[in-house]
Amino acid sequence: MREANSPVGSLPALGRASLTVASASGLVGVAAVLRDVVIGRRLGLGASLDGWSLALAVLVLVTSTFVSAVSAALVPAMSRAAGESGSRDGSSRRLASEALVIAAIACLVVAAAAWVTAPALADLMSDDADTRVVTSDTLRRLSVLAIGSLLLRGTSSALLHARHRFALVALLPLLSASLVAGYAAVRTDVAPVGLATIHGLGVAVEALVLLLAVRVMIGLTRPSLGGVVRTFRAMSRPFLLAALAALVFGINPVVDLWFAGWIDEGEVGRLALAARIPLAGGGLVAAAIATPAFPRFADAAGDVASDRFSATVRSVLRPTFKIAIGLALGIALVSLPLAMVLFAGSELDASAARSVGLLQVTYSFTIVPYVLGAVTARALHALDQQQLVLRFGIAGCVANIALDAVLAPLLGLHGIAAATALVYAATFSLMWRSLRDGGSAARART
(Lines give C-alpha, C1' and ligand atoms only; values in the text may rest on other atoms or scores of the structure.)
Protein backbone atom coordinates (compact mmCIF):
# COMPACT_ATOMS: atom_id res chain seq x y z
CA MET A 1 0.00 0.00 0.00
CA ARG A 2 1.39 3.41 -0.93
CA GLU A 3 -0.36 4.91 2.09
CA ALA A 4 1.82 2.93 4.42
CA ASN A 5 4.98 4.16 2.73
CA SER A 6 3.89 7.75 2.27
CA PRO A 7 5.64 10.37 4.37
CA VAL A 8 2.21 11.73 5.25
CA GLY A 9 0.56 8.34 5.53
CA SER A 10 -0.56 8.78 9.14
CA LEU A 11 -2.06 11.53 11.23
CA PRO A 12 1.10 11.98 13.35
CA ALA A 13 3.15 12.34 10.16
CA LEU A 14 0.60 14.77 8.75
CA GLY A 15 0.73 16.70 12.00
CA ARG A 16 4.51 16.97 11.85
CA ALA A 17 4.36 18.15 8.25
CA SER A 18 1.66 20.69 9.15
CA LEU A 19 3.74 21.96 12.05
CA THR A 20 6.71 22.39 9.72
CA VAL A 21 4.66 24.37 7.21
CA ALA A 22 2.98 26.38 9.97
CA SER A 23 6.27 27.33 11.58
CA ALA A 24 7.88 28.42 8.33
CA SER A 25 4.74 30.13 7.01
CA GLY A 26 4.30 31.82 10.38
CA LEU A 27 7.66 33.53 10.04
CA VAL A 28 6.72 34.62 6.53
CA GLY A 29 3.35 35.87 7.76
CA VAL A 30 4.95 37.91 10.53
CA ALA A 31 7.38 39.45 8.03
CA ALA A 32 4.48 40.28 5.68
CA VAL A 33 2.48 41.92 8.48
CA LEU A 34 5.52 43.94 9.56
CA ARG A 35 6.07 44.93 5.93
CA ASP A 36 2.53 46.25 5.64
CA VAL A 37 2.71 47.97 9.04
CA VAL A 38 5.91 49.80 8.10
CA ILE A 39 4.55 50.72 4.66
CA GLY A 40 1.28 51.95 6.17
CA ARG A 41 3.10 54.08 8.70
CA ARG A 42 5.38 55.50 6.00
CA LEU A 43 2.79 56.22 3.32
CA GLY A 44 -0.27 57.07 5.43
CA LEU A 45 -3.83 56.86 4.18
CA GLY A 46 -3.98 58.30 0.69
CA ALA A 47 -3.18 57.73 -2.97
CA SER A 48 0.25 56.17 -2.38
CA LEU A 49 -0.99 53.48 0.02
CA ASP A 50 -4.12 52.87 -2.07
CA GLY A 51 -2.05 52.48 -5.24
CA TRP A 52 0.41 50.07 -3.61
CA SER A 53 -2.44 48.03 -2.07
CA LEU A 54 -4.28 47.74 -5.38
CA ALA A 55 -1.15 46.80 -7.33
CA LEU A 56 -0.15 44.20 -4.75
CA ALA A 57 -3.69 42.79 -4.78
CA VAL A 58 -3.50 42.30 -8.56
CA LEU A 59 -0.09 40.63 -8.22
CA VAL A 60 -1.41 38.27 -5.54
CA LEU A 61 -4.46 37.48 -7.67
CA VAL A 62 -2.41 36.65 -10.76
CA THR A 63 0.19 34.55 -8.98
CA SER A 64 -2.20 32.80 -6.59
CA THR A 65 -4.35 31.84 -9.57
CA PHE A 66 -1.38 30.27 -11.35
CA VAL A 67 0.10 28.66 -8.24
CA SER A 68 -3.21 27.10 -7.19
CA ALA A 69 -3.85 25.83 -10.71
CA VAL A 70 -0.40 24.36 -11.27
CA SER A 71 -0.54 22.69 -7.86
CA ALA A 72 -3.96 21.19 -8.61
CA ALA A 73 -2.64 19.79 -11.90
CA LEU A 74 0.91 18.81 -10.94
CA VAL A 75 0.56 17.22 -7.50
CA PRO A 76 -1.83 14.44 -8.62
CA ALA A 77 0.19 13.98 -11.83
CA MET A 78 3.46 13.66 -9.88
CA SER A 79 1.77 11.24 -7.50
CA ARG A 80 0.75 9.05 -10.42
CA ALA A 81 4.23 9.30 -11.96
CA ALA A 82 5.82 8.25 -8.68
CA GLY A 83 3.54 5.23 -8.54
CA GLU A 84 4.42 3.90 -11.97
CA SER A 85 6.14 0.55 -11.52
CA GLY A 86 9.80 0.62 -12.39
CA SER A 87 9.81 4.21 -13.65
CA ARG A 88 9.46 6.35 -10.53
CA ASP A 89 12.55 8.48 -10.98
CA GLY A 90 12.45 8.76 -14.76
CA SER A 91 8.77 9.71 -14.95
CA SER A 92 9.07 12.29 -12.18
CA ARG A 93 12.17 13.92 -13.66
CA ARG A 94 10.64 14.07 -17.10
CA LEU A 95 7.38 15.57 -15.85
CA ALA A 96 9.25 18.14 -13.73
CA SER A 97 11.40 19.22 -16.67
CA GLU A 98 8.46 19.56 -19.04
CA ALA A 99 6.39 21.46 -16.47
CA LEU A 100 9.18 23.98 -15.90
CA VAL A 101 9.50 24.61 -19.65
CA ILE A 102 5.77 25.31 -19.84
CA ALA A 103 6.02 27.60 -16.80
CA ALA A 104 8.89 29.56 -18.34
CA ILE A 105 6.79 30.24 -21.45
CA ALA A 106 3.85 31.25 -19.25
CA CYS A 107 6.12 33.68 -17.39
CA LEU A 108 6.81 35.68 -20.54
CA VAL A 109 3.18 35.71 -21.63
CA VAL A 110 1.74 36.74 -18.27
CA ALA A 111 4.40 39.38 -17.59
CA ALA A 112 3.80 40.96 -21.00
CA ALA A 113 0.03 40.88 -20.50
CA ALA A 114 0.38 42.53 -17.08
CA TRP A 115 2.55 45.30 -18.54
CA VAL A 116 0.10 46.04 -21.35
CA THR A 117 -3.06 45.93 -19.24
CA ALA A 118 -1.71 47.79 -16.17
CA PRO A 119 -3.16 51.22 -17.11
CA ALA A 120 -6.58 49.74 -17.93
CA LEU A 121 -6.62 47.78 -14.66
CA ALA A 122 -5.69 50.91 -12.73
CA ASP A 123 -8.51 52.86 -14.39
CA LEU A 124 -10.96 50.10 -13.58
CA MET A 125 -9.94 49.76 -9.93
CA SER A 126 -9.97 53.40 -8.85
CA ASP A 127 -11.69 56.66 -9.73
CA ASP A 128 -8.97 58.79 -8.15
CA ALA A 129 -6.45 60.12 -10.68
CA ASP A 130 -3.45 60.02 -8.34
CA THR A 131 -4.24 56.49 -7.22
CA ARG A 132 -4.56 55.32 -10.81
CA VAL A 133 -1.11 56.66 -11.70
CA VAL A 134 0.52 54.97 -8.69
CA THR A 135 -1.29 51.69 -9.34
CA SER A 136 -0.34 51.61 -13.03
CA ASP A 137 3.33 52.43 -12.48
CA THR A 138 3.66 49.95 -9.62
CA LEU A 139 1.93 47.19 -11.57
CA ARG A 140 4.26 47.65 -14.51
CA ARG A 141 7.32 47.40 -12.28
CA LEU A 142 5.90 44.28 -10.63
CA SER A 143 5.11 42.71 -14.00
CA VAL A 144 8.73 43.02 -15.11
CA LEU A 145 10.42 41.92 -11.90
CA ALA A 146 7.98 39.77 -9.94
CA ILE A 147 5.25 38.08 -11.95
CA GLY A 148 7.45 35.83 -14.08
CA SER A 149 9.60 34.85 -11.12
CA LEU A 150 6.52 34.06 -9.04
CA LEU A 151 5.18 31.72 -11.74
CA LEU A 152 8.46 29.79 -11.81
CA ARG A 153 8.50 29.75 -8.03
CA GLY A 154 4.96 28.40 -7.98
CA THR A 155 5.75 25.57 -10.39
CA SER A 156 8.86 24.58 -8.44
CA SER A 157 6.82 24.68 -5.23
CA ALA A 158 4.20 22.31 -6.62
CA LEU A 159 6.88 19.86 -7.76
CA LEU A 160 8.50 19.87 -4.32
CA HIS A 161 5.15 19.54 -2.55
CA ALA A 162 4.39 16.43 -4.58
CA ARG A 163 7.57 14.91 -3.15
CA HIS A 164 6.53 15.97 0.37
CA ARG A 165 9.21 18.69 0.59
CA PHE A 166 7.50 21.50 2.48
CA ALA A 167 9.92 23.40 4.72
CA LEU A 168 12.01 25.25 2.13
CA VAL A 169 8.99 26.16 0.02
CA ALA A 170 7.14 27.60 3.01
CA LEU A 171 10.13 29.49 4.45
CA LEU A 172 11.63 31.05 1.33
CA PRO A 173 9.10 33.92 0.83
CA LEU A 174 10.54 35.35 4.05
CA LEU A 175 13.28 36.81 1.86
CA SER A 176 11.14 39.12 -0.30
CA ALA A 177 8.88 40.19 2.60
CA SER A 178 11.87 41.00 4.80
CA LEU A 179 13.64 42.91 2.05
CA VAL A 180 10.62 45.15 1.44
CA ALA A 181 10.05 45.70 5.17
CA GLY A 182 13.71 46.59 5.70
CA TYR A 183 13.76 48.89 2.69
CA ALA A 184 10.65 50.75 3.88
CA ALA A 185 12.07 51.01 7.41
CA VAL A 186 15.41 52.57 6.49
CA ARG A 187 14.32 54.85 3.62
CA THR A 188 12.73 58.20 4.29
CA ASP A 189 11.47 58.70 0.72
CA VAL A 190 9.56 55.45 0.25
CA ALA A 191 7.58 55.20 -2.99
CA PRO A 192 5.42 52.31 -4.27
CA VAL A 193 7.55 51.84 -7.40
CA GLY A 194 10.68 51.45 -5.28
CA LEU A 195 8.90 48.94 -3.06
CA ALA A 196 7.90 47.00 -6.18
CA THR A 197 11.51 46.90 -7.35
CA ILE A 198 12.79 45.44 -4.08
CA HIS A 199 9.91 42.95 -3.92
CA GLY A 200 10.54 41.76 -7.47
CA LEU A 201 14.27 41.27 -6.93
CA GLY A 202 13.60 39.23 -3.78
CA VAL A 203 11.10 37.01 -5.58
CA ALA A 204 13.59 36.41 -8.41
CA VAL A 205 16.17 35.12 -5.93
CA GLU A 206 13.55 32.88 -4.31
CA ALA A 207 12.66 31.39 -7.71
CA LEU A 208 16.30 30.59 -8.47
CA VAL A 209 16.74 28.84 -5.12
CA LEU A 210 13.65 26.69 -5.66
CA LEU A 211 14.72 25.78 -9.20
CA LEU A 212 18.02 24.59 -7.76
CA ALA A 213 16.13 22.60 -5.11
CA VAL A 214 14.09 20.87 -7.82
CA ARG A 215 17.29 20.04 -9.66
CA VAL A 216 18.83 18.49 -6.54
CA MET A 217 15.81 16.80 -4.91
CA ILE A 218 13.94 15.55 -7.98
CA GLY A 219 16.35 15.85 -10.86
CA LEU A 220 15.77 17.19 -14.35
CA THR A 221 16.21 15.77 -17.81
CA ARG A 222 16.50 17.43 -21.19
CA PRO A 223 12.88 17.87 -22.30
CA SER A 224 11.83 17.14 -25.85
CA LEU A 225 9.39 19.25 -27.79
CA GLY A 226 7.06 16.28 -28.16
CA GLY A 227 7.15 15.62 -24.41
CA VAL A 228 6.39 19.25 -23.60
CA VAL A 229 3.44 19.20 -25.99
CA ARG A 230 2.09 15.94 -24.54
CA THR A 231 2.42 17.22 -20.98
CA PHE A 232 0.73 20.47 -21.94
CA ARG A 233 -2.18 18.61 -23.51
CA ALA A 234 -2.56 16.25 -20.56
CA MET A 235 -2.44 18.99 -17.96
CA SER A 236 -4.19 21.81 -19.81
CA ARG A 237 -7.74 20.84 -18.85
CA PRO A 238 -7.20 20.38 -15.08
CA PHE A 239 -4.92 23.42 -15.05
CA LEU A 240 -7.39 25.63 -16.89
CA LEU A 241 -10.32 24.60 -14.70
CA ALA A 242 -8.28 25.04 -11.52
CA ALA A 243 -6.94 28.40 -12.75
CA LEU A 244 -10.41 29.71 -13.46
CA ALA A 245 -11.57 28.47 -10.05
CA ALA A 246 -8.63 30.13 -8.29
CA LEU A 247 -9.25 33.32 -10.26
CA VAL A 248 -12.88 33.66 -9.28
CA PHE A 249 -12.06 32.81 -5.65
CA GLY A 250 -9.06 35.14 -5.56
CA ILE A 251 -10.87 38.02 -7.20
CA ASN A 252 -13.04 38.50 -4.13
CA PRO A 253 -10.41 40.52 -2.20
CA VAL A 254 -9.81 42.67 -5.28
CA VAL A 255 -13.56 43.27 -5.59
CA ASP A 256 -13.66 44.24 -1.93
CA LEU A 257 -10.87 46.78 -2.44
CA TRP A 258 -12.65 48.13 -5.51
CA PHE A 259 -15.84 48.74 -3.52
CA ALA A 260 -13.78 50.32 -0.73
CA GLY A 261 -12.30 52.74 -3.27
CA TRP A 262 -15.77 53.97 -4.15
CA ILE A 263 -16.54 54.78 -0.51
CA ASP A 264 -13.80 57.39 -0.03
CA GLU A 265 -10.10 58.10 -0.56
CA GLY A 266 -7.94 56.16 1.88
CA GLU A 267 -10.53 53.45 2.46
CA VAL A 268 -8.71 51.00 0.17
CA GLY A 269 -5.62 51.21 2.33
CA ARG A 270 -7.69 50.98 5.52
CA LEU A 271 -9.44 47.82 4.32
CA ALA A 272 -6.14 46.29 3.16
CA LEU A 273 -4.52 46.92 6.56
CA ALA A 274 -7.52 45.54 8.45
CA ALA A 275 -7.73 42.39 6.33
CA ARG A 276 -4.00 41.66 6.57
CA ILE A 277 -3.86 39.97 9.99
CA PRO A 278 -7.10 37.89 9.82
CA LEU A 279 -6.47 36.72 6.26
CA ALA A 280 -2.79 36.12 6.98
CA GLY A 281 -3.74 33.99 9.98
CA GLY A 282 -6.35 32.07 8.02
CA GLY A 283 -3.96 31.64 5.11
CA LEU A 284 -1.29 30.34 7.45
CA VAL A 285 -3.55 27.64 8.90
CA ALA A 286 -4.94 26.76 5.46
CA ALA A 287 -1.44 26.40 4.00
CA ALA A 288 -0.16 24.47 7.01
CA ILE A 289 -2.92 21.88 6.76
CA ALA A 290 -3.90 21.80 3.09
CA THR A 291 -0.35 21.70 1.70
CA PRO A 292 0.77 18.40 3.30
CA ALA A 293 -2.78 17.00 3.12
CA PHE A 294 -3.04 17.45 -0.66
CA PRO A 295 -0.53 14.69 -1.59
CA ARG A 296 -2.26 12.50 0.98
CA PHE A 297 -5.62 13.14 -0.68
CA ALA A 298 -4.06 12.36 -4.07
CA ASP A 299 -2.68 9.07 -2.74
CA ALA A 300 -6.09 8.08 -1.34
CA ALA A 301 -8.08 9.24 -4.37
CA GLY A 302 -7.65 5.86 -6.05
CA ASP A 303 -9.75 4.32 -3.27
CA VAL A 304 -12.63 6.78 -3.47
CA ALA A 305 -15.08 3.86 -3.79
CA SER A 306 -13.99 2.59 -0.37
CA ASP A 307 -14.07 4.36 2.96
CA ARG A 308 -10.41 5.30 2.78
CA PHE A 309 -10.74 8.60 0.92
CA SER A 310 -13.72 9.81 2.96
CA ALA A 311 -12.01 8.82 6.19
CA THR A 312 -8.89 10.68 5.11
CA VAL A 313 -10.82 13.87 4.42
CA ARG A 314 -12.77 13.68 7.69
CA SER A 315 -9.62 13.01 9.69
CA VAL A 316 -8.13 16.24 8.31
CA LEU A 317 -11.23 18.44 8.54
CA ARG A 318 -12.01 17.69 12.21
CA PRO A 319 -8.82 19.14 13.68
CA THR A 320 -8.86 21.87 11.03
CA PHE A 321 -12.22 23.13 12.30
CA LYS A 322 -11.01 23.25 15.91
CA ILE A 323 -7.81 25.08 15.01
CA ALA A 324 -9.64 27.61 12.81
CA ILE A 325 -12.20 28.34 15.55
CA GLY A 326 -9.46 28.96 18.08
CA LEU A 327 -7.58 31.24 15.69
CA ALA A 328 -10.70 33.26 14.82
CA LEU A 329 -11.59 33.83 18.47
CA GLY A 330 -8.02 34.74 19.34
CA ILE A 331 -7.74 37.31 16.55
CA ALA A 332 -11.13 38.81 17.39
CA LEU A 333 -10.07 39.28 21.03
CA VAL A 334 -6.70 40.91 20.33
CA SER A 335 -7.57 42.87 17.17
CA LEU A 336 -8.29 46.23 18.79
CA PRO A 337 -5.29 46.45 21.15
CA LEU A 338 -3.02 44.94 18.50
CA ALA A 339 -4.09 47.53 15.92
CA MET A 340 -3.45 50.33 18.39
CA VAL A 341 0.08 49.03 18.94
CA LEU A 342 0.89 48.27 15.31
CA PHE A 343 -0.79 51.03 13.36
CA ALA A 344 -1.07 54.10 15.63
CA GLY A 345 1.73 56.55 14.96
CA SER A 346 3.48 58.27 12.09
CA GLU A 347 0.93 59.00 9.35
CA LEU A 348 -1.87 57.04 11.07
CA ASP A 349 -3.52 58.62 14.12
CA ALA A 350 -5.15 56.76 17.01
CA SER A 351 -8.63 57.13 15.51
CA ALA A 352 -7.55 55.52 12.22
CA ALA A 353 -5.80 52.70 14.08
CA ARG A 354 -8.92 52.06 16.18
CA SER A 355 -11.10 51.83 13.09
CA VAL A 356 -8.66 49.33 11.57
CA GLY A 357 -8.84 47.21 14.75
CA LEU A 358 -12.63 47.16 14.80
CA LEU A 359 -12.67 46.16 11.15
CA GLN A 360 -10.23 43.33 11.93
CA VAL A 361 -12.80 41.93 14.38
CA THR A 362 -15.36 41.69 11.57
CA TYR A 363 -12.80 40.09 9.27
CA SER A 364 -12.05 37.39 11.86
CA PHE A 365 -15.38 35.76 10.95
CA THR A 366 -13.95 34.87 7.54
CA ILE A 367 -11.23 32.62 8.97
CA VAL A 368 -13.18 29.42 9.71
CA PRO A 369 -15.02 29.04 6.37
CA TYR A 370 -11.94 30.16 4.44
CA VAL A 371 -9.69 27.53 6.01
CA LEU A 372 -12.23 24.72 5.72
CA GLY A 373 -12.95 25.68 2.12
CA ALA A 374 -9.25 25.63 1.21
CA VAL A 375 -8.84 22.09 2.55
CA THR A 376 -12.07 20.84 0.93
CA ALA A 377 -11.06 22.31 -2.43
CA ARG A 378 -7.82 20.28 -2.31
CA ALA A 379 -9.86 17.12 -1.78
CA LEU A 380 -12.00 17.90 -4.83
CA HIS A 381 -8.88 18.62 -6.91
CA ALA A 382 -7.47 15.23 -5.87
CA LEU A 383 -10.60 13.66 -7.37
CA ASP A 384 -10.16 15.68 -10.61
CA GLN A 385 -13.34 17.58 -9.78
CA GLN A 386 -11.96 20.98 -10.74
CA GLN A 387 -15.19 21.82 -12.55
CA LEU A 388 -17.10 21.70 -9.26
CA VAL A 389 -14.63 24.04 -7.58
CA LEU A 390 -14.94 26.39 -10.55
CA ARG A 391 -18.73 26.27 -10.44
CA PHE A 392 -18.85 27.14 -6.76
CA GLY A 393 -16.19 29.82 -7.22
CA ILE A 394 -18.24 31.57 -9.91
CA ALA A 395 -21.33 31.48 -7.73
CA GLY A 396 -19.33 32.83 -4.79
CA CYS A 397 -17.83 35.65 -6.85
CA VAL A 398 -21.24 36.75 -8.12
CA ALA A 399 -22.66 36.55 -4.60
CA ASN A 400 -19.75 38.57 -3.21
CA ILE A 401 -20.28 41.35 -5.72
CA ALA A 402 -24.02 41.43 -4.99
CA LEU A 403 -23.53 41.44 -1.21
CA ASP A 404 -20.84 44.13 -1.41
CA ALA A 405 -23.20 46.29 -3.45
CA VAL A 406 -25.95 45.85 -0.83
CA LEU A 407 -23.97 45.91 2.42
CA ALA A 408 -21.25 48.49 1.62
CA PRO A 409 -23.72 51.44 1.42
CA LEU A 410 -25.39 50.27 4.65
CA LEU A 411 -22.43 49.23 6.81
CA GLY A 412 -19.41 50.67 5.02
CA LEU A 413 -16.21 48.63 5.21
CA HIS A 414 -17.77 46.35 7.84
CA GLY A 415 -20.42 45.40 5.28
CA ILE A 416 -17.70 44.40 2.81
CA ALA A 417 -16.02 42.21 5.44
CA ALA A 418 -19.34 40.63 6.43
CA ALA A 419 -20.14 39.86 2.78
CA THR A 420 -16.80 38.04 2.42
CA ALA A 421 -17.50 35.90 5.49
CA LEU A 422 -20.97 34.95 4.25
CA VAL A 423 -19.68 34.01 0.79
CA TYR A 424 -16.88 31.84 2.20
CA ALA A 425 -19.32 30.04 4.50
CA ALA A 426 -21.79 29.30 1.71
CA THR A 427 -19.05 28.15 -0.67
CA PHE A 428 -17.55 25.74 1.85
CA SER A 429 -20.99 24.27 2.60
CA LEU A 430 -21.60 23.58 -1.07
CA MET A 431 -18.16 22.04 -1.63
CA TRP A 432 -18.44 19.79 1.42
CA ARG A 433 -21.89 18.58 0.39
CA SER A 434 -20.65 17.74 -3.12
CA LEU A 435 -17.60 15.95 -1.74
CA ARG A 436 -19.71 13.89 0.66
CA ASP A 437 -22.36 13.04 -1.94
CA GLY A 438 -19.70 12.18 -4.53
CA GLY A 439 -18.00 9.70 -2.22
CA SER A 440 -21.32 8.07 -1.33
CA ALA A 441 -22.21 7.69 -5.02
CA ALA A 442 -18.85 6.12 -5.82
CA ARG A 443 -19.22 3.55 -3.04
CA ALA A 444 -22.76 2.75 -4.17
CA ARG A 445 -21.55 1.98 -7.70
CA THR A 446 -19.28 -0.73 -6.29
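Modeller: Helix α13 is largely enclosed by the rest of the structure, because 14 of its 16 residues are buried (under 20% relative accessible area, with a 1.4 Å probe and protein chains only). This is a predicted model, in which local features need pLDDT of at least 70, side-chain atom pairs count only at pLDDT 80 or more, and totals for chains, interfaces and linings use all residues. Residues are numbered from 1 along each chain as its sequence is written, and side-chain values use heavy atoms, without hydrogens and water.

Colleague: Which residues make up α13, and how far does it reach?

Modeller: It covers residues 367-382 and reaches 23 Å from first C-alpha to last, close to the 22 Å expected at 1.5 Å a residue (1.5 Å times one less than the number of residues). Helices here are DSSP runs of H or I, at least four residues, numbered from the N terminus.

Colleague: What comes just after α13?

Modeller: D384, with a positive phi of about 60°.

Colleague: And at what angle do α13 and α14 pack?

Modeller: About 140°, with the axes 7 Å apart (lines fitted to C-alpha atoms over the stretch in contact, angles running from 0 to 180 degrees between N-to-C directions). That makes α13 oblique to α14, the class left after under 35 degrees (roughly parallel), over 145 (roughly antiparallel) and 65 to 115 (roughly perpendicular).

Colleague: Which residues meet there?

Modeller: A377, L380 and H381 in α13 meet Q386, L388 and V389 in α14, contact being heavy atoms within 4.5 Å.

Colleague: Switching topic, how do α9 and α14 cross?

Modeller: The axes of α9 (residues 225-263) and α14 (residues 386-411) come within 8 Å and cross at roughly 15°. That makes α9 roughly parallel to α14.

Definitions and conventions:
Helix = DSSP H or I, 4+ residues; strand = E, 2+ residues; numbered from the N terminus. Buried < 20%, exposed > 50% of the residue type's maximum accessible area, 1.4 Å probe, protein only.
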